[in-house]
Amino acid sequence: MKTTQHALSALILVLCACVPGCANVAPWERGNLAKPHMALNPDPMQSALRTHLYGSREASTGGGAASGGGCGCY
Amino acid sequence: MNLRIVPFLCAALALGLTQKTQATDAGNEVPNCALSAIDTTQQSYALKQFRGKVLYVDFWSSWCNPCAQSFSLLNEMNRDLKDKGLQVIGINLDEVPEDAKAFLAKHPASFTVMADANQQCAKDFDVKAMPSSYLVDRNGVIRYVHLGFRPGEAKEFRALAEQLLAENPVRK
């Protein structure tokens, strides 16, 4: 029982040590993220059209897209 | 001491290390950044040498679409308000200098464009978004900070710059 507790504490300590590795990407370092092929949705217009058609057929919409990538520009 | 709190202390410390403590907001003095010209001369500049003028400092990158949109306003403000004491400075933050040169060939800039090669100026200003604009009065105090750019905001920027130009510097 005590060994398990020690192992758990050691694991948490190791995970804590890894946390500073999660660095923020500075706004000026997002040049690669801004490239078109980094977008999760390669063709937003086509996706919008497909979503519209799907919504018309099914009489329901939503839940069809995810956000991500991009330059994060304001 | 209860050893159970040690992991939580470590976690708090680790999270604390990832947080920034410095910020440049309205009311603070403008950082005295060292910059270099983006052309072949590579002439060095320091922001302090523009003291006495109203500064419009704009951080931009070639991959940032709103930055490209803002160039027409920056050119216009430079053309109309330069003689009244406005200094428009575009600070490029591209990691590859050739990208900036290609961008400038497509979107010509009549205002002063400089490069922040080691990104120290962006860190000193604590740039939070692209583009970021800072209006600095004649005394070297940051008066307005604006994140991003939308074409509808051009009038507001111009009015703010004209307001600062109308103020007299305080002699120290």
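Reply: Let's take β6 of chain B. β6(B) and strand β7 (residues 142-147) of chain B pair in the antiparallel sense, with five bridges between them. Keep in mind that this is a predicted model.

What about cover? β6(B) spans residues 132-136, and five of its five residues are buried. That goes for both faces: Ser132(B), Tyr134(B) and Val136(B) lie on one side, with Ser133(B) and Leu135(B) on the other.

The largest nonpolar core has 41 residues, and Val136(B) is listed with Tyr56(B) and Ile91(B) as having the most contacts inside it. β3(B) supplies the largest share of this core, six residues. As for Ile91(B), leaving aside neighbours within four places in sequence, its contacts are Leu35(B), Val57(B), Asp58(B), Phe59(B), Met114(B), Asp116(B) and Cys121(B).

Stepping back to the sheet, seven strands of chain B form an open sheet in the order β2-β1-β5-β4-β3-β6-β7, with mixed pairing. The edges are β2 (44-46) and β7 of chain B; each has a single partner strand, so one side of each is left without a neighbour in the sheet. On average, neighbouring strands are turned by 30° against each other, direction ignored. Helix α2 (residues 65-81) of chain B packs on the sheet, where it touches β3 and β4 of chain B, and its direction makes about 155° with that of β4(B).

Taken as a whole, chain B has five helices and seven strands. Along the sequence they follow the pattern α-β-β-β-α-β-α-β-α-β-β-α. Of the contacts in chain B with a separation of 6 or more, 72% join residues 24 or more positions apart. Buried residues make up 31% of its 172 residues.

Chain A is another story: two helices, zero strands. Of its 74 residues, 5% count as buried. Helix α1 (residues 2-18) of chain A is hardly covered, with a buried count of zero among its 17 residues. At 1.5 Å a residue, α1(A) should span 24 Å, and its end C-alpha atoms are 25 Å apart, which agrees.

Finally, the two chains touch. The contact takes 15 residues from chain A and 23 residues from chain B. On the chain A side, those residues divide into 13 nonpolar, two polar and no charged.

Technical notes:
Residues are numbered from 1 along each chain as its sequence is written. Chains are lettered from A and ligands numbered from 1 in the order in which they are written. This is a predicted model: local features need pLDDT of at least 70, side-chain atom pairs count only at pLDDT 80 or more; totals for chains, interfaces and linings use all residues. Two residues are in contact if their C-beta atoms, placed from the backbone, lie within 7 Å. Ala, Val, Leu, Ile, Met, Phe, Trp, Tyr, Cys and Pro count as nonpolar, Asp, Glu, Lys and Arg as charged, and the others, Gly among them, as polar. A residue is buried if 20 or more other C-beta atoms lie within 10 Å of its own, exposed if 12 or fewer, and partly exposed in between; C-beta atoms are placed from the backbone. Helices (H or I, at least four residues) and strands (E, at least two) are DSSP runs, numbered from the N terminus. Two strands pair if DSSP finds at least two bridges between them. The expected span of a helix is 1.5 Å times one less than its number of residues. A nonpolar core is a set of buried Ala, Val, Leu, Ile, Met, Phe, Trp, Tyr and Cys residues joined through C-beta atoms within 7 Å. Axes are lines fitted to C-alpha atoms, for helices over the stretch in contact, and angles run from 0 to 180 degrees between N-to-C directions.
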